[in-house]
Amino acid sequence: MSVLDEWTGRRATGRADLGAPGPDQTDDAVVRAMSDARDVDDFDMRHLRYFLTVVRAGTVSAAAQQLRISQPSLSQQIRRLEQRVGAALFIRSSRGV
């Protein structure tokens, strides 16, 4: 159980567990923050390792060799990370990234 799950459990019992009550706007912000925190919990650290390896190697092919995985697999994982972040992480060219 994560800290977020514990907080969610206390939240369901009432505001007394959280301290002073706040307006509905604060509740919406809390719900959004909880959703974002859950997304971070699901974030795979492997993707960050892959990203750093590509940055250091300069090309996806060289990074794939260092990581001992196939280049298409690494490219797919990088695309998933970019989708998760919501932005392109590399400027791709014929000379690398």
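At 17% relative accessibility, L67 counts as buried, where buried means under 20% relative accessible area, exposed means over 50%, and partly exposed lies in between (1.4 Å probe, protein chains only). L67 is found in helix α4. Leaving aside neighbours within four places in sequence, L67 is in contact with R49, Y50, T53 and L74; contact here means heavy atoms within 4.5 Å. V54 sits 13 residues away from L67 along the chain, and the C-alpha atoms of the two are separated by 9.6 Å.

Before going further, a word on what you're looking at. This is a predicted model, so local features need pLDDT of at least 70 and side-chain atom pairs count only at pLDDT 80 or more, while totals for chains, interfaces and linings use all residues. Residues are numbered from 1 along each chain as its sequence is written, and side-chain values use heavy atoms, with hydrogens and water left out.

Now step back to the whole chain. There are five helices and zero strands, so the pattern along the sequence reads α-α-α-α-α; helices (H or I, at least four residues) and strands (E, at least two) are DSSP runs, numbered from the N terminus. Of the 97 residues in the protein chain, 21% are buried. Among contacts with a separation of 6 or more, 46% join residues 24 or more positions apart.

What makes up the largest nonpolar core? The core has nine residues in all: Y50, V54, V60, A63, A64, L67, L74, I78 and F90. A nonpolar core, by the rule used here, is a set of buried Ala, Val, Leu, Ile, Met, Phe, Trp, Tyr and Cys residues joined through side-chain atoms within 4.5 Å. Helices α3, α4 and α5 each supply at least two residues of this core, and α4 gives the most, with four.

The axes of helix α3 (residues 45-57) and α4 come within 8 Å and cross at roughly 120 degrees. Axes are lines fitted to C-alpha atoms, for helices over the stretch in contact, and angles run from 0 to 180 degrees between N-to-C directions. The two helices are therefore oblique to each other, given that angles under 35 degrees count as roughly parallel, over 145 as roughly antiparallel, 65 to 115 as roughly perpendicular and the rest as oblique. R49, Y50, T53, V54 and A57 in α3 meet V60, A62, A63, Q66 and L67 in α4. By class, the contact of α3 with α4 has seven nonpolar residues, two polar and one charged; Ala, Val, Leu, Ile, Met, Phe, Trp, Tyr, Cys and Pro count as nonpolar, Asp, Glu, Lys and Arg as charged, and the others, Gly among them, as polar.

The loop between α3 and α4 holds G58. Is G58 buried, partly exposed or exposed? G58 is partly exposed, with a relative accessible area of 21%. Leaving aside neighbours within four places in sequence, G58 is in contact with G96 and V97. G58 and R95 are 37 residues apart in sequence, yet 8.7 Å apart in space, C-alpha to C-alpha.

Moving along, helix α4 (residues 60-67) packs with helix α5 (residues 71-85) at an angle of about 105 degrees, their axes 9 Å apart. That makes α4 and α5 roughly perpendicular to each other. On the α4 side you'll find V60, S61, A63, A64 and L67, which meet Q71, L74 and S75 in α5. The residues of this contact divide into five nonpolar, three polar and no charged.

R68 is found in the loop between α4 and α5, and its phi is near 60 degrees, a positive value in a residue other than glycine. Most residues other than glycine have a negative phi. R68 is also exposed, with a relative accessible area of 76%.

That leaves α3 and α5, which pack at an angle of about 110 degrees with their axes 10 Å apart. They are therefore roughly perpendicular to each other. The contact is made by R46, H47, Y50, F51 and V54 of α3 and L74, Q77, I78, R80 and L81 of α5. By class, the contact of α3 with α5 has six nonpolar, two polar and two charged residues.
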